[in-house]
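Visitor: Hi! I have a protein model open and would like to walk through its side chains with you. Can we start?

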Amino acid sequence: MIMLHKHLSLFFLTVLVLHTSAFSQNLQHNPLSNHGNKFEQLGIMLADPNTYRTASGAPGHQYWQQRADYDITARLDEPNLTLEGEELITYHNNSPDELIYLWLQLDENQHHYTNESNSFDGNKIGTPVLTESLERLNNEKWLEGYGVNIISVTDTKGQPLPFTINQTMMRIDLPKPVKAGGKVSFRIKWNYKIPERMRIGGRGGYEMFADGNALFTITQWFPRMCVYSDFQGWNNKQFTGRGEFALPFGNYKVRMTVPADHIVAATGTCTNLKKVLPAKALEKWQKAQSASEPIEIITLDEAKWKEQNPVKTAYQTWEFTAENVRDFAWGSSRKFVWDAMAIDNYGKKVMCMSFYPKESYDLYRRYSTKVVAHTIRVYSKHTIPYQYPVAISVEASNGMEYPMICFNYGRPEPDGTYSERLKYGMISVIIHEVGHNFFPMIINSDERQWSWMDEGLNTFVQFLTEQAFDNNYPSARGPAHKIVDYMRLPKEQLEPIMTNSENIIQFGQNAYGKPATALNILRETIMGRELFDFAFKEYCRRWAYKHPTPSDFFRTMEDASGVDLDWFWRGWFFDIIPVDISLDSVVTYQINQTQTSPYRVDTVKIRPQYRDKFKHITQVRNKENGLPFLVDVDTTLRDFYYYYNPEKDSIFRYVEKYYDDWETLNKEEFAKYENAFLYELHFTNKGGLVMPLIIQWDYADGTSEITRISAYIWRKDEQKVVKTFLKEKQVVSIQLDPFKETADIDERNNNWPKLEVKSRFDLFKRKMNYEGTDKVPNPMQRHQQ
């Protein structure tokens with residue numbers, strides 16, 4: 001306890017001595033405090049800067065990257081469910097190295113029965129034992145016929161080139177080296193059996209509907225060049241189905257021959273719509289070029305008619321071009337309804353489009369294309385302006401992304417009704433997958449190595465986009481309190497964010513949730529929006545259409561903001577320790593020259609905030625800043641769930657009584673502090689992850705105040721901190737992290753006086769009791785559109 005003295009100078013001297021003493025003790029008991037501590041610079045944990053990648057995080061003056069151009073012809077054989085193709089690849093060697101062989105990716109070999117990824121994961125006998133479970137135990141039978149058949153690899157004169165296939169990788173040995181600055185062209189012919197995606201799994205394949213018609217999602221479908229880079233040479237790590245892709249940029253010309261009644265959605269721009277579209281559809285396509293509302297190019301009735309009258313023998317060829325993209329994907333089906341609208345995005349027209357079967361019409365017709373447009377606008381605001389001519393959402397009962405096109409889910413019940421959870425799940429997956437146009441399709445990180453660099457950054461901007469859709473949007477990831485359950489898991493179930501993609505146990509939280517939360521904490525709590533937004537946009541600007549690494553990201557964020565964040569990267573990205581800061585005790589004094597008896601703090605009534613009423617910090621600030629939410633600008637997006645507000649009851653909790661004492665102070669020296677209060681707060685860092693102290697003071701007059709103290713308060717003692725505050729008004733309660741900004745895993749030690757904290761079981765019982773009465777309607781009731 002700090003004693004109050006007559007002279008102010010002596011008072012502050014005493015405080016200084018106490019803090020110095022604590023620091024000395026910390027040095028004696030914690031050898032990491034002055035070497036290797038949480039505030040030490042990352043140093044050798046980051047790659048050394050060089051002429052390719054600078055110490056500021058920017059591309060160096062000798063930065064280079066390879067390029068691969070493709071000319072592809074493909075034919076979809078719907079009756080036999082096969083795809084065959086031929087491609088001409090022109091590979092540009094912009095590196096300073098001479099290359100004697102090239103590596104390509106054969107992702108469809110993921111489904112070959114000999115691929116080790118189909119057997120290297122452990123499994124248990126489930127209950128009940130299903131026939132399919134038994135069939136999956138025999139890979140040779142379960143995956144019979146799957147995998148890529150390489151027919152030939154030749155140079156441009158037709159001469160065979162030797163090649164070696166190693167599971168999902170193929171090496172082509174060149175007759176002579178490709179010199180630095182040179183290029184080489186070669187041809188590959190191939191075919192494969194298209195997987196039944198809903199049964200076999202995988203990113204691409206087909207889905208067969210009850211009406212006998214298929215929806216094809218053709219992804220990772222052709223032999224593609226691996227990345228050869230300055231920081232790792234060839235990235236020829238096997239594709240096991242989880243760690244996604246590392247691909248060079250290039251230009252594409254693609255011709256797909258499909259059944260004549262199919263509609264094709266694809267990366268890039270279709271150059272022969274006049275040949276493949278009926279006149280009526282072409283006319284509507286022209287109207288959509290200036291439409292502010294989605295126009296159906298292919299209507300629901302037209303799609304239904306084609307389902308009932310399929311064309312079995314006639315085919316036609318769709319032609320597409322795409323410039324400066326890292327991949328190419330497409331979807332094809334006679335089931336597609338197609339709608340489109342144009343937006344002006346930073347002076348560039350972008351065609352926002354959706355393709356979907358009748359089964360998802362009731363949700364996709366209302367929301368999909370408008371969500372695509374909203375995503376392009378918000379991501380462009382927070383990263384760089386979107387430069388591609390189209391952005392497409394395809395409903396295919398999954399979620400996967402490629403340049404300018406993505407595949408999503410969201411099918412209502414057969415009667416057109418849907419739950420609130422399905423609606424927001426669909427909107428979120430569209431935002432997320434369209435957002436991947438920025439990460440990693442433009443800011444082209446290596447997904448095979450670091451999933452968080454695309455999934456985590458993308459999930460973060462997805463959160464910003466969701467919150468700009470509706471201030472009450474129920475984002476699943478982004479707010480700090482959403483990651484708490486993950487961060488309190490046992491250590492053996494956790495890995496650092498920097499873990500390689502293939503080795504992550506809790507993939508969703510490690511690659512998506514935790515990095516998104518970390519970035520949101522940086523923006524709202526550590527750096528502030530102005531500094532963070534500038535630095536984040538600078539990272540995107542620097543590395544657009546290039547290959548960034550984690551070091552480039554970390555360095556750019558610090559270089560552009562002037563904020564030392566090494567302690568943050570160390571704790572959040574390189575470690576697994578959680579946040580648990582405890583407000584252990586509060587010592588209080590009132591400066592008063594007449595009274596000598598103890599001062600009593602009366603019992604206080606606290607009204608708890610329910611989870612569904614809780615406003616995280618992003619929602620609070622967006623509202624304060626007057627952000628125009630999409631559901632307010634376009635009221636057609638409001639449905640039953642927008643207006644739904646279940647009645648809540650009122651419960652009051654009582655805190656303990658607390659007594660403290662004070663001493664009489666010198667009148668002459670301390671007259672101006674008469675009746676002021678001193679509060680000495682004692683904190684313990686129980687979790688280990690250092691974070692700022694965010695303190696809410698609730699005063700006896702009913703007002704409140706927030707104090708924010710930098711995480712650097714822990715730099716001299718990472719375990720315990722004592723901090724004293726002078727207040728003019730009496731404090732009746734103190735809450736640590738009131739907006740749940742820091743991902744603190746134990747809120748029970750965040751309050752003074754201590755509060756009763758209900759367990760999840762108690763809250764569940766209370767919820768069940770309410771749902772048994774007439775007070776609260778069932779929130780999962782559906783609404784007929």
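Visitor: Is Phe554 buried or exposed?
Guide: Phe554 is buried, at a relative accessible area of 1%. Buried stands for under 20% relative accessible area, exposed for over 50%, and partly exposed for in between, with a 1.4 Å probe and protein chains only. Keep in mind that this is a predicted model, where local features need pLDDT of at least 70, side-chain atom pairs count only at pLDDT 80 or more, and totals for chains, interfaces and linings use all residues. Residues are numbered from 1 along each chain as its sequence is written, and side-chain values use heavy atoms, with hydrogens and water left out.

Visitor: And what about Phe573, buried or exposed?
Guide: Phe573 counts as buried too, at 0% relative accessibility. Phe554 and Phe573 form an edge-to-face aromatic pair, 5.5 Å centre to centre with 70° between the planes. For such a pair, rings of Phe, Tyr and Trp (its six-membered ring) have centres within 6.5 Å; planes under 30 degrees apart are stacked, over 60 edge-to-face, and the rest tilted.

Visitor: Where do these two sit along the chain?
Guide: Phe554 is in helix H14 (residues 550-561) and Phe573 in helix H15 (residues 566-573), so their pair ties together parts 19 residues apart in sequence. Helices (H or I, at least four residues) and strands (E, at least two) are DSSP runs numbered from the N terminus.

Visitor: Which aromatic cluster are they part of?
Guide: One that includes Phe554, Phe573, Trp567, Phe568, Trp569 and Trp572. Phe39 and Tyr712 are also among its members.

Visitor: How many aromatic pairs does the structure hold?
Guide: There are 54 aromatic pairs. One of them is Tyr424 with Tyr473, which is edge-to-face at 4.8 Å centre to centre and 80° between the planes. Tyr424 belongs to helix H9 (residues 420-435) and Tyr473 to the loop between helix H10 (452-469) and helix H11 (484-487), so this pair ties together parts that are 49 residues apart in sequence.

Visitor: Are those two buried or exposed?
Guide: Tyr424 is buried with a relative accessible area of 8%, and Tyr473 is buried with 2%.

Visitor: Okay, new topic. Which charged side chains sit over rings?
Guide: Lys193 lies over the face of Tyr146, 4.5 Å from the ring centre. Arg224 has its charged end over the ring of Phe245, at 4.8 Å from the centre. The rule asks for NZ of Lys or CZ of Arg within 6 Å of the ring centre and within 35 degrees of the ring normal.

Visitor: Why would charged side chains pair with each other?
Guide: Side chains of opposite charge can pair when their charged atoms come close.

Visitor: How many salt bridges are there here?
Guide: The count is 39 salt bridges, where each is a side-chain nitrogen of Lys or Arg within 4 Å of a carboxyl oxygen of Asp or Glu. Glu135 and Arg199 make one of them, at 3.8 Å from N to O. Glu135 is in helix H2 (residues 131-136) and Arg199 in helix H4 (residues 197-200), so the pair ties together parts that are 64 residues apart in sequence.

Visitor: How accessible are Glu135 and Arg199?
Guide: Glu135 counts as partly exposed at 35% relative accessibility, and Arg199 is partly exposed at 32%.

Visitor: What does Lys335 pair with?
Guide: Lys335 meets Asp211 in a salt bridge of 2.7 Å, N to O. Lys335 also forms a salt bridge with Glu307, the closest N and O atoms being 2.4 Å apart. Salt bridges that share partners join Asp211, Glu307, Lys335, Lys358 and Glu359 into one network.
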